[in-house]
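This briefing is meant for a reader who is meeting the structure for the first time. It begins with one term, then moves from the overall layout to single residues.

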Amino acid sequence: RQMCIRDRKYISEIEDLRKLLRTINNIPMMELKNSTLFFLTRIGIKNIYLIVFDPRRGPTPLSAIRYTEFAKKLFSDPTIAVNLSNISRLASEVKILGSTLVFRAYTTKFRGRDMYHIVCAEIIPESKRRIIENLISDIASYMENKEATDAESLKKAIEKTVKAYSRKSIP
């Protein structure tokens, strides 16, 4: 029995959906409070990433707060994290693959060696740039003070920092 065109199209759409779900599942997402997500959105942050330096694998993205096109690329192409790691020592902002990123590096020690990690915000063009730069810097400082390189610590850092910032009057 032959499939009709409509059935083939339906099966094709299901396959496309499966591919998308596999991609989304490859991105470790962090659950934040709605009030935190609202604040981040209001100041122009689309996503926040933690990229840690693993002594065996090199720069490795660990988590994101949302699914975006850039998140899909970051978690599927290891060279992007390597490039961001190299750039983070020279700059605090970059436009890459159609996205604007603001980031701050922080260090931890591993067997007497400095390990460089990155807290990175993907932002929209009309963002509140200065607030974002300060927020990401404060999150990175929190992570460095705790010598933290895990997603749960990043979640705490984001929640605490956003709570402090949301008490301030932000236009």
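Contact, as the word is used here, means heavy atoms within 4.5 Å. The model is a predicted one, and its protein chain has six helices and five strands. From the N terminus on, these elements run in the order α-α-β-β-α-α-β-β-β-α-α. Buried residues make up 41% of the 171 residues in the protein chain, and among contacts between residues at least 6 apart in sequence, 56% join residues at least 24 apart.

**Helix 4 and its surroundings**

- In helix 4, which spans residues 78-88, the residues I80, A81, L84, S85 and S88 are buried; they cover an arc of only 135 degrees around the axis, which means that they lie on the same side of helix 4.
- An α-helix has 3.6 residues a turn, so residues three or four places apart point the same way.
- The buried residues of helix 4 are covered by elements that include strand 1 (45-54), strand 2 (58-64), helix 3, strand 3 (93-96), strand 4 (99-110) and strand 5 (113-123).

**Helix 3 against helix 4**

- The axis of helix 3 (residues 69-76) and that of helix 4 come within 4 Å and cross at roughly 95 degrees; because angles from 65 to 115 degrees count as roughly perpendicular, helix 3 and helix 4 are described as roughly perpendicular to each other.
- On the side of helix 3 the contact is made by F70, K73, L74 and S76, and on the side of helix 4 by P78, I80, A81 and L84.
- Sorted by class, the residues in this contact of helix 3 with helix 4 are six nonpolar, one polar and one charged.

**The nonpolar cores**

- The largest nonpolar core has 29 residues, of which L40, I45, V119, M143 and I158 touch the most other members.
- Helix 2 (34-43), strand 1, strand 4, strand 5, helix 5 (129-145) and helix 6 (151-167) each supply at least two residues of this core, and the largest share, eight residues, comes from helix 5.
- L40, when its neighbours within four places in sequence are left aside, is in contact with L32, I45, I48, I65, L135, I158 and V162.
- A second, separate core of 17 residues includes Y49, A64, A81 and F103, and A81 is also among the buried residues of helix 4.
- In soluble globular proteins, nonpolar side chains tend to be buried together.

**Single residues to look at**

- S63, whose place is in strand 2, counts as buried at 2% relative accessibility.
- Leaving aside neighbours within four places in sequence, S63 is in contact with P28, M30, I48, Y49, L50, F75, A151 and L154.
- A164 is found in helix 6 and is partly exposed, with a relative accessible area of 36%; the C-alpha atoms of A164 and L135, which are 29 residues apart along the chain, are separated by 9.8 Å.

**Positive phi values in loops**

- L97 lies in the loop between strand 3 and strand 4, and although L97 is not a glycine, it has a positive phi of about 50 degrees.
- L97 is partly exposed, with a relative accessible area of 44%.
- E147 is found in the loop between helix 5 and helix 6, and E147 has a positive phi of about 50 degrees although it is not a glycine.

Technical notes: Residues numbered from 1 in each chain as written. Predicted model: local features only at pLDDT ≥ 70, side-chain atom pairs only at ≥ 80, totals over all residues. Heavy atoms only, no water. Axes fitted to C-alpha atoms, helices over the stretch in contact; angles between N-to-C directions. Parallel < 35°, antiparallel > 145°, perpendicular 65-115°, else oblique. Nonpolar A, V, L, I, M, F, W, Y, C, P; charged D, E, K, R; others polar. Buried < 20%, exposed > 50% of the residue type's maximum accessible area, 1.4 Å probe, protein only. Arc of directions from axis to C-beta. Core = buried A, V, L, I, M, F, W, Y, C linked by side-chain atoms within 4.5 Å.
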